[in-house]
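Here is a short briefing for a reader meeting this structure for the first time. Please keep the sequence and the 3D view open while reading.

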Amino acid sequence: MARQERRAFIMGLATGAVAAATCHGILSALNAGAGATEEDAGLHGKVVVFFTAGTPAKRSIYERAKELSVRSVIIDDPESWTTELVKEGVIDKFVGIRMSKSEDEIFEEALAELQNMDPPADGICTF
């Protein structure tokens, strides 16, 4: 399966209407400032999978997502700076996949995680 086919397939696993706009919705809510509520963002209780977490500068996104009652799951390398965010209560789950593996191996492992999520992902976001 080609890279773009894999991406489209994984994105298709998201169950909610929020799937295509999740990253945009979170960023919009962040930009709206402290006055924006989870209802304003339409993200209350949604499960959002972040595939790779980005740099530590992205921490504020995960913190704001938590404020908006988003249930965040991060899939990233086991050595990621985000591994501690579960212990801190910022995200709900961390899934470690060695990112030095082949694209096919990463895809297969990520796919297995996404297919077995309970509850299923409402949206998938990449940085």
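A residue is called buried under 20% relative accessible area, exposed over 50%, and partly exposed in between. Ser69, at 26% relative accessibility, therefore counts as partly exposed. The model is predicted.

**Nonpolar cores**

- The largest nonpolar core has 15 residues.
- Phe50, Tyr62, Val70, Ile74, Leu85 and Ile91 have the most contacts inside this core.
- Strand E1 (47-51) and helix H4 (59-67) each supply at least two of the residues of this core.
- Helix H4 gives the largest share, with 3 residues.
- Another core, of 12 residues, lies apart from the largest one. Among the residues of this other core are Val73, Val95, Ile106 and Leu114.
- What does Val70 touch, leaving aside its neighbours within four places in sequence? Val70 is in contact with Leu43, Lys46, Val48, Ala65 and Asp92.

**Helix H4**

- The buried residues of H4 are Ile61, Tyr62, Arg64 and Ala65.
- An α-helix has 3.6 residues a turn, so residues three or four places apart point the same way.
- Within H4, Glu67 and Arg64 are 3 residues apart, which means about one helical turn separates them.
- Glu67 forms a salt bridge with Arg64, and the closest N and O atoms are 2.8 Å apart.
- Are the two partners buried or exposed? Glu67 is exposed, with a relative accessible area of 52%. Arg64 counts as buried, at 8% relative accessibility.

**Backbone details**

- Just after H4, Ser69 takes a positive phi of about 65 degrees.
- Ser69 is placed in the loop between H4 and strand E2 (71-76).
- Thr52 is not a glycine either, yet has a positive phi of about 70 degrees.
- Where is Thr52? Thr52 is in the loop between E1 and H4.
- With a relative accessible area of 22%, Thr52 is partly exposed.
- The peptide bond from Asp118 to Pro119 is cis, and its omega is near 5 degrees.
- Pro119 is found in the loop between helix H5 (103-115) and strand E4 (123-126).

**A buried threonine in a loop**

- Thr82 lies in the loop between E2 and strand E3 (93-96).
- Thr82 has a relative accessible area of 0%, so it is buried.
- Which residues is Thr82 in contact with, leaving aside its neighbours within four places in sequence? They are Ala53, Ile74, Ile91 and Phe94.
- The side chain of Thr82 also makes a polar contact with the side chain of Ser80, at 2.7 Å.

**Salt bridges**

- How many salt bridges does a search of the whole structure find? The search finds 7.
- The side chains of Lys93 and Glu113 meet in a salt bridge, at 3.8 Å from N to O.
- Lys93 lies in strand E3 and Glu113 in helix H5, so this pair ties together parts that are 20 residues apart in sequence.
- Lys93 counts as partly exposed, at 38% relative accessibility. Glu113 counts as partly exposed at 30%.
- Glu109 forms a salt bridge with Lys101, and the closest N and O atoms are 2.2 Å apart.
- Glu109 is partly exposed, at 28% relative accessibility. Lys101 is partly exposed, with a relative accessible area of 32%.
- Arg59, Glu63 and Glu88 are linked in a network of salt bridges.

Note on methods. Residues numbered from 1 in each chain as written. Predicted model: local features only at pLDDT ≥ 70, side-chain atom pairs only at ≥ 80, totals over all residues. Heavy atoms only, no water. Core = buried A, V, L, I, M, F, W, Y, C linked by side-chain atoms within 4.5 Å. Buried < 20%, exposed > 50% of the residue type's maximum accessible area, 1.4 Å probe, protein only. Helix = DSSP H or I, 4+ residues; strand = E, 2+ residues; numbered from the N terminus. Contact = heavy atoms within 4.5 Å. Polar contact = N/O pair within 3.5 Å; in protein donor to acceptor, adjacent residues only side chain to side chain. Salt bridge = Lys/Arg side-chain N within 4 Å of Asp/Glu carboxyl O.
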